[in-house]
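Here are my notebook entries from a first look around this structure.

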Amino acid sequence: MQGTIRIIGIDPGLRRTGWGIIETLGNSLRFVASGTVTSDGEMDLASRLCQLHDGLAEIVHAYQPDEAAVEQTFVNKDATATLKLGQARGIAMLVPARAGLRVAEYAPNAVKKAVIGVGHGEKQQIHMMLKVLMPKAEFKGNDAADALAIAICHAHNRQSLTGRLAALAG
């Protein structure tokens, strides 16, 4: 039997990147920490990406997660905003990958389905279910809450993912 697995969920954004860390042992979930890494909107894009990188790197170093999960981005009407979000998402994937972690990706609907049971729902439903699943969870704002939901989604899906990877390697 495998021991406790620490998972970091990351909700990428250029202004605010949410992060949430949980531990899972079997079917049990335990809240560890959550927060938001912000970038200064007055700075140039490269500097803002550096701020996100450095902030996430500090979190990964401080909490030493075993696995990471990042929300997939959706395409919106503003191509420039989509491109910038994609760059922030690249940072969100790069930081844990550089720390040697396997990085899983989940669509927003998969995250909602894992947490609230359906693929479409309101932010308040996610907040409520986070408190049900992990009563000690603390999160300020939607970004940190979404990151915790991403980590929970990964906790629910990691066993099947691990099995498929082992089958491919075997």
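**Entry 1: terms.** I take helices as DSSP runs of H or I with at least four residues and strands as DSSP runs of E with at least two, and I number them from the N terminus. I also remind myself that I am reading a predicted model.

**Entry 2: the end of a helix.** With that settled, I went to H3 and looked at what comes after it. Gly117 follows H3 and has a positive phi, near 95°. Within H3, which covers residues 108-116, I found Val111, Val115 and Ile116 buried. Looking down the axis of H3, I see these buried residues fall within an arc of 95°, so they line one face of the helix.

**Entry 3: the whole chain.** I stepped back and counted 5 helices and 5 strands in the protein chain. Read from the N terminus, the order is β-β-β-α-β-α-β-α-α-α. The C-alpha trace spans about 50 × 35 × 30 Å along its principal axes. I then checked the radius of gyration: the protein chain has 15 Å, which agrees with the value near 15 Å for a compact globule of 170 residues.

Entry 4: Of the 170 residues, 43% count as buried. The protein chain exposes about 9,200 Å², and carbon and sulfur atoms supply 53% of that area. I also looked at contacts with a separation of 6 or more, and 58% of them come from residues 24 or more positions apart.

**Entry 5: the sheet.** In what order do the strands of the open sheet lie? I traced 5 strands in the order S3-S2-S1-S4-S5, with mixed pairing. S3 (28-38) and S5 (102-106) stand at the edges with a single partner strand each, so one side of each has no neighbour in the sheet. From one strand to the next, the twist averages 20°. Helix H1, residues 45-63, packs on this sheet and touches S1, S2 (16-25) and S3. The direction of H1 makes about 150° with that of S3.

**Entry 6: the antiparallel pairs.** I followed S1 to S2 and found them antiparallel, joined by 7 bridges. They form a hairpin with 4 residues between them. One bridge I looked up here pairs Ile8 with Ile21 in S2. Next come S2 and S3, also antiparallel and joined by 10 bridges. Across this pair, Glu23 stands opposite Arg30 in S3. The hairpin of S2 and S3 has 2 residues between the strands, and in it Gly26 takes a positive phi near 65°. I checked burial too: 8 of the 10 residues of S2 are buried, so S2 is largely enclosed by the rest of the structure.

**Entry 7: the parallel pairs.** In which sense do S1 and S4 pair? S1 (residues 5-11) and S4 (residues 67-71) pair in the parallel sense over 4 bridges. I noted two residues of S4 with their opposites: Ile8 stands opposite Ala68, and Gly9 stands opposite Ala69. On to S5: S4 and S5 run parallel, with 5 bridges joining them. There, the bridge partner of Glu71 is Tyr106 in S5.

Entry 8: How many of the residues of S4 are buried? I counted 5 of the 5, so S4 is largely enclosed by the rest of the structure.

Entry 9: My last stop was Asn157, which lies in helix H5, residues 141-169. Is Asn157 buried, exposed or partly exposed? Its relative accessible area is 29%, and that makes Asn157 partly exposed, because buried needs a value under 20% and exposed one over 50%. I also looked at how Asn157 sits relative to Gly119: the two are 38 residues apart in sequence and 15 Å apart in space, C-alpha to C-alpha.

Notes: Residues are numbered from 1 along each chain as its sequence is written. This is a predicted model: local features need pLDDT of at least 70, side-chain atom pairs count only at pLDDT 80 or more; totals for chains, interfaces and linings use all residues. Side-chain values use heavy atoms; hydrogens and water are left out. Two strands pair if DSSP finds at least two bridges between them. Axes are lines fitted to C-alpha atoms, for helices over the stretch in contact, and angles run from 0 to 180 degrees between N-to-C directions. Contact means heavy atoms within 4.5 Å. Buried means under 20% relative accessible area, exposed over 50%, partly exposed in between (1.4 Å probe, protein chains only). The arc is that of the directions from the helix axis to the C-beta atoms. The radius of gyration is taken over C-alpha atoms; the globule rule is 2.2 Å times the number of residues to the power 0.38. Accessible areas come from the Shrake-Rupley method with a 1.4 Å probe; for residues, only the protein chains shown count as cover.
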